[in-house]
Every structure is written in structure tokens, then in C-alpha cells.
Amino acid sequence: METLEQFRTAARAWLDANVARRPDRHDHVVWGEGSDSVALFKNLAYEEEKAHIDALRRWVATKADAGFANVSWEPQWGGRGLHPSYERAFAEEEQAYTVPEPHESVGITTHLIAPTIRAMGTEAQKQRFLRPMLRTDEMWCQLFSEPGAGSDLAGVATRAVRDGDEWVIDGQKVWTSGAQYADWGYVLCRTDPDVAKHKGLTAFIVPMAAPGVEVRPLRQMTGGSSFNEVFFTDVRVGDDFRLGEVGAGWLVALTTLSFERNASTGALSTGMSRRLVALAQHLGVAGDPVHRQALARAYTADVLLELTARRATAKLNAGETPGPEGSIAKLSWTEAIRLYADVASSLLGPRLVADAGEWGTYAWSELVLGIAGYRVAGGTDEVQRNIIGERVLGLPGEPRTDRITAGRDAPR
């Protein structure tokens, strides 16, 4: 097996032959050059966002064909079977090149649902779906949240009723990222309303073009439509599209959530503090002691996010099971973006609320408006604090009686 340095050398040679280098590695911000967007959620028209996703998909497929995508996966699924450190090494090298920016629809497909199917799917499901997923030939969405369930994922009400060799699905999901671009969905349903709510759930694979599936984009206050509500009316899927055992949907969902929280640790260090420093310099207040202290806090947040990401990667590289880093990283990230928003608001004042066409100023409003969504996505801040308190610090759990509540009686 080639050494890590040999792999890096080969990766750089391949990247040099296939894509242009960036003029800089985002180590500094050149005021007025490039995009000034710091949006947490895309604010694009449908065709514009689809074009971005399609460009990213072509790049992922190009990497996959050359053996540089998902290099830690088994060769039978298009990987190289290498240590996860090689995956990280390629990602680090790739940062020096002009490649399409990440998009959550692609990340959901390749980093959340694909590993869930690898872990929980049947051999037939793996053979059918994994390669197309990892090349992004087919796109997926995750159908968990519901209007009445809030953060209580086990309280979902979408029903799946067995009819011979098929299941009939009825219900509604909400906050589904990328559903308008997805070919397939992975949906959590209630199949037994009479048992404890955590035990009466089952997961299914659903073609998004199936009769009875309706996707309605939700307009965000930032202007984009990253999320959707999805309705199921008498949607039929075969039992071979069931993911995991009947009644084991909670285990399948937890598997996905563990991938979601730990995947987020890989891209947390945003370099946002550099943008804030550039903003302060542009406004001529970088020497103000109060602003300098705020900028120092933002820089510290950047460093801590990077260290948390490295800690999670080190555990994976050592072959250890991901621990609390996912929840810690998620909570650290939402706390950090609130800090970034506070610093930007203090620097900008009225420039934050009125678009005067000035580069790098009003653009910060999209980050400010997106914070509420990020505090909910992937598990709310309150849920993450409970996980850290109970499972990491060993504190007494909150008094709960709902674990024995039947699914039909779960509060909504």
C-alpha cells in the first residue's frame, strides 16, 4: 500500500492535471474580490442552485472514476479500502484547487444516507444503490422531521401500513433539504402505533417520483428555498425497499444521526474570523480595542472548531468509534456562528439592515438570518446539551415518561 505521502503526491499530480489551482488558499481575504457571501443556507433560484449541484456532481463523479472519492470505502463500492487518514489527506490537498463548493444535497447523499445503507441495508440494496450514490449519479434526501413532532424524532406520525408485499405510506415531512433535487428518499414511518413510540418505527426507501409524493419548497426569510415539505398520499413501496427490520427504524435513524453529527466535524473551521478582520480593516476600526477583543474571540472560535474536527478525525484514523465529538462540534458551531453574527453586527451597525450595494457588508445579513435554522438542523442546541450532559458528563437524565408512551398517544 502506498504511503500517505506517496498518496498526497499522486493526488496533487492528478489535481494539477484536471483542475486549476486557486490564486490563494483562502488564507486571506482580498477585499472586493470574489463572492462576499457568508450565507448559511443557499439563496439561489431553482435553476441556479441546480446548476451548482450538477457541477458538483460532475466533479464528484470525476473523482470517483479516478479513485479519489470515498477512498476509505471498500473497492466493491468504488473506494480504495484505504485508511480514513487518506480521505482527509485528499480533502486537504483539494482545498488548494478551484473546485465546486460543497452543497448539503450532495453531502446528505454521500456522507449520511450512503453509509447508513452500507451499515443497515440488505446486500441487494447495497448492490443497487451504493455505487450510484457515491458517484452522485442518483441524489437522495432524508425524510425525518414532521410539523407535529418537533425535536422528538420518535414522535413521527407518518404511517406505513402493510398490504401484502407492499407498504402504503401516508403523512407529511418538513424541513427536508434538497427534496426538489432528489431521485430517492429515505423516510421514517410509524408501522405500529400501539407499542412504545421508539419501537413502532420502520425506515423505507422511496422513489421521489412515485405516485403520491408531492414536494413543496419552503421560502426562507433569507430568500432561498433550501428546505421543503413533502406529502405522501397512498404511496406504495415494496417490502424489499424496507431499510432494516420492521420496528427497528429508531436504530436506523440513530445510525444516520451519528453520521450526520460526525460528518459536520470535518468542515467546521470556516476561516470566518479572517473575513471579520478584513471587514474591520475596511471600516477602519481594526485598531479599536473593543473590536479587537471581539475579533480575537472569533479567531479563537475558528481554532477551537478546527481542533474539534481534528480530534474527531484522529479517533477515526485510530479505528475508534466516533464519540461525543459530533454533539460537541454541532453545539460549538452554532455558538460560533452566533459569535460571528454578534461581531459582524457590532462592526456594521446600520449597514447590516440596508443593502447599499457595498461589497462585504449587507451580505452578513444572510448569516444573521440563518442562525435560527442552523440551531435546529441536525438536532437542536437543547438536544445536543442533553446528549453531552447525560452521555458524556454522566449527569442524571431529565425525568421522562414518554419512552413508554404508545406511538398513537405521543404528544404532537
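## Salt bridges, cavity and surface of a predicted model

R375 and E382 form a salt bridge in which the closest N and O atoms are 4.0 Å apart; a salt bridge is a side-chain nitrogen of Lys or Arg within 4 Å of a carboxyl oxygen of Asp or Glu. R375 is partly exposed, at a relative accessible area of 26%, and E382 is also counted as partly exposed, at 46%. Salt bridges with shared partners also connect E5, R8, R12, R88, E92, E93 and E306 into one network.

This is a predicted model, in which local features need pLDDT of at least 70 and side-chain atom pairs count only at pLDDT 80 or more, while totals for chains, interfaces and linings use all residues. Residues are numbered from 1 along each chain as its sequence is written, and side-chain values use heavy atoms, with hydrogens and water left out.

**Salt bridges across the chain**

Side chains of opposite charge can pair when their charged atoms come close. Over the whole structure, a search finds 27 salt bridges. One of them joins R135 and D65. R135 lies in the loop between α5 (123–134) and β1 (140–143) and D65 in helix α2 (residues 46–66), so this pair ties together parts that are 70 residues apart in sequence. Helices (H or I, at least four residues) and strands (E, at least two) are DSSP runs, numbered from the N terminus.

Another salt bridge is formed by the side chains of E146 and K173. This pair links distant parts of the chain, with E146 in the loop between β1 and β2 (159–163) and K173 in strand β3 (residues 166–173), 27 residues apart.

| Salt bridge | N to O distance |
|---|---|
| R135 and D65 | 3.0 Å |
| E146 and K173 | 2.8 Å |

R135 is partly exposed at 24%, whereas D65 is exposed at 58%. E146 is buried, with a relative accessible area of 8%, and K173 counts as buried at 0%.

**The cavity**

The structure holds one cavity of 30 Å³ or more. On a 1 Å grid over the protein atoms alone, a cavity is a set of points where a 1.4 Å probe fits but cannot get out, and lining residues have an atom within 4 Å of a point. The largest cavity contains about 60 Å³ of space. V29, W31, D36, V38, R275, W359, G360 and W364 line this cavity. By class, five of its lining residues are nonpolar, one is polar and two are charged. Here Ala, Val, Leu, Ile, Met, Phe, Trp, Tyr, Cys and Pro count as nonpolar, Asp, Glu, Lys and Arg as charged, and the others, Gly among them, as polar.

**The surface**

Y299, V303, L304 and L307 make a nonpolar surface patch of about 380 Å². Patches are made of residues with over 30% relative accessible area and no salt bridge, with nonpolar side chains (Val, Leu, Ile, Met, Phe, Trp, Tyr) joined within 5 Å and like charges within 9 Å. Y299 is located in helix α8 (residues 289–317) and counts as exposed, at 53% relative accessibility.

E358 belongs to the loop between α9 (325–348) and α10 (364–376) and is partly exposed, at 29%.

Methods: On a 1 Å grid over the protein atoms alone, a cavity is a set of points where a 1.4 Å probe fits but cannot get out, and a pocket is an open set with protein on both sides within 12 Å along at least five of seven lines; lining residues have an atom within 4 Å of a point. Grid points are joined across faces, edges and corners, and a volume is the space filled by probe spheres set on the points. Accessible areas come from the Shrake-Rupley method with a 1.4 Å probe; for residues, only the protein chains shown count as cover. Buried means under 20% relative accessible area, exposed over 50%, partly exposed in between (1.4 Å probe, protein chains only).
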